[in-house]
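Hello,

Here is the structure I promised to pass on. My notes follow below it.

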Amino acid sequence: MNKLRLVFEKGEAARYIGHLDVMRTFVRALRRANVPVKYTEGFNPHAVLSFALPLGVGTTSECEIADITLKNKLPVSEIIEKTNLYLQEGSIKILSGEYTDKPMPVIEKAEYIIDIKNDGLLSRSDIENALSKKEILIDKKTKRQTKQINIAEHIFQIRILDMDDNRLKLQVIVSAGNTFNIKPQLVVSALEKTAHSLNPLSIAPHRVRFIFAR
Amino acid sequence: MTDITNFLDKVEKPARYTGGEWGIVKKDPARVSIRFAFCFPDVYEVGMSNLGLKILYSLINNRSDTYCERVFAPWADMEELMRKNAVPLFSLETHECVGNFDLAGFSLQYEMSYTNVINMLDLAGIPLLSKDRSSGPFICAGGPCAFNPEPLADIIDFFVIGEGEEVINEILDTYAEWKKSGNARLDFLEQIAKIEGVYVPRFYDVSYNEDGTISGMVPNNPNAKKTIKKRIVKDLDSIFYPESFIVPYIEIVHDRIMLEIFRGCIRGCRFCQAGIIYRPVRERSRERLVSLAKALIKSTGYEEISLTSLSSSDYSMLGDLCENLIAITEPHNINIAMPSLRIDNFTLDLMDKIQRVRKSTLTFAPEAGTQRLRDVINKNITTEDIAQSTRQAFEGGYSSVKLYFMIGLPTETEEDILGIPNLISVIGDQYYSIPKEKRGKRFTVTISTSCFVPKPHTPFQWEPQDSIESFEGKQRLLQQAINQRYAKYNWHNADISYLEGVFARGDRRLSSVLIAAVKKGCKFDSWHDFFSMEKWKSAFDECNINPDFYTLRRRAYDEILPWDHISTGVSKKFLISENEKAKKEQTTPNCREKCSGCGISAFKGGVCRE
């Protein structure tokens, strides 16, 4: 198999593009770089490409995983170097890669750093109180329905990394994966419910790492 | 520089506003002497699909003294945040306020975007009327609607008539000289008024008769020309065409490589403005197209390439061109798309060859339901053509057909309207005459009718437009008459077509109506989200203008039309003779069959020299 597993980052310049946009950008960059990507057979051939987990609009990352299949094996370093030349600086950048036969690993949790700009003064005790809640009910939208969940059950770690009067930096580990996924923005909405001093002007989450199922 | 980061979480499709795409031009603004804002009065996804933008963006940025940046109309959610936080309209490249540019150039592709032009100026904090601007950027405009610039005459400082890539460098050279000179603003306008194809509306005085028609239009400045002749590119092979495009992150309307194979159209449909203003037909050579295709595939990474023109089948070596292109596209899994094809045996075979993706829908534009009315409009397509080609298509596996018609064409009767359902039945008969096992499933015919808008510079420029009531009556008639179970009928909003009619043939008294409408909140009028006929009606009332004057009236051949000082190169004599032939239901041969002496041969280019 010529399956190449790539780890890439989605930078600040690409923060506001969605998952499908990232996929399109990837395929086009590979074509610009003349990387011999394998295409599916059939009426509507498309590049053989799959992603570990979609990353939403508004979130950056340094740990995204994509598998591409090549027509012929080229040295990994050559592919990374060439492709990165054809991606706008600060948007998407391939960090590393390896040929593999293993299936895409199953993701269980993800760690985020969330940078929040706040409207008004933040109160530390207010935020700390919100972080310690054992139950925060919140509406979670899925494709079919909106369901009420206790988000606290899906937050495995949450702490203040840094804060001043109107800036708050949180580190969280939450449930993630293709079956059940908590977006970092949802964690902030949940905190807003109890922390009255929290009125975000902007929320800038960054995915740091995945935690895989064993 | 503006900061919009706090808004981006709160708006739909934030990537409309962030820029930074593959292929953008980066320059240090401090190191250029001219900053040009290319303004497209619609959302990003529409504006980024415009070929003119792609061409001019690259061409202007080829100048080391100029930085051309893009500006689009923010959608209502973004506009609200910008107004609330006093953030002015900005460019995507450097997020600079439009008010700080040297020139802002608007692309006028459709009349219903005029309110957006004004709203964008307002958002930029730029005075709306040309006469009120004593500093800040010069506001210019071009594109097909500039061929009747009058409704925007009080707003725009100068218009460029014709093909922008031919004249933009002369304008920028003049600007560079003027900027160095330190002379008054008026001096720059006087300098460019001398350039062929440039129109400065304030240098003309218009007077009116008692009945509201124009009694005279005379230059009031020695630099102003009596007639402004359009500029055209004589040779498409030697003129600039970009070898790289910006590749947006988000999906845009035409998200593919656009390869312009020729300009103009030999056909001469009498309702069609593009057919007149882009005359004469000029082709790009196969060699040049192949080399451009290679470069664009390499630079963009796009998965599709579209051959664009007004009528692709009229490219003289289409089969050969496609063969050459397939040789480049196939190894890269790139699809070739060919819109604007006349469907016949040749093109059906060709489509089989080029389209790796099986397209299931065929599109025809008969425009009118009967042969009589098609002769009136000089649309050279017969019922037999449609029957024969749909049959061949159905045999080849196609099972759905789209048909485009116009209602309200000159001389139209109920019989012509009812010709539309008849034509649908002809297509139905073709489908059902093929044995079940040999035809595709899910047979559908989709019919769309638009409301005819008489356009300036066409043979129908003197014709009255149908009233809204008449359009709606015809739409109801069709809703009843189209009863085939495989047929689906869509129709256009008659209110919007009526307003389009007003501004298409309007004069400069309408500038005040546009401003009044914007103040009432009219914007994105071609999007149904915001369209409000009530607001428009009260804007006309406020300005004491009866819009029916512009649409319902038949104009006499000797009336001075608001756009008479703008010349497309096609003579009025020819337009009159075409209008008369239309009344007699006589057709005119296409430019390759026989020259009909429209006057364009004076440009000495393209098909006129073949």
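**The domain interface in chain A**

Across the interface of domain 1 of chain A and domain 2 of chain A, 11 residue pairs are in polar contact, both residues being at pLDDT 80 or more; a polar contact is a pair of N or O atoms within 3.5 Å, where within protein one must be able to donate a hydrogen and the other to accept it, and residues adjacent in sequence count only if both atoms are side-chain atoms. The side of domain 1 of chain A that touches domain 2 of chain A is made up of 7 nonpolar, 4 polar and 3 charged residues (Ala, Val, Leu, Ile, Met, Phe, Trp, Tyr, Cys and Pro count as nonpolar, Asp, Glu, Lys and Arg as charged, and the others, Gly among them, as polar).

This is a predicted model: local features need pLDDT of at least 70, side-chain atom pairs count only at pLDDT 80 or more, and totals for chains, interfaces and linings use all residues. Residues are numbered from 1 along each chain as its sequence is written, chains are lettered from A and ligands numbered from 1 in the order in which they are written, and side-chain values use heavy atoms, with hydrogens and water left out.

In chain A, domain 1 covers 3–99 and domain 2 covers 107–212, with bounds from an automatic or database domain assignment. Their centres, taken over C-alpha atoms, are 28 Å apart. Between the two domains there is 1 salt bridge (a side-chain nitrogen of Lys or Arg within 4 Å of a carboxyl oxygen of Asp or Glu). A:R207 and A:E64 also form a salt bridge through their side chains, at 2.9 Å from N to O.

Best wishes
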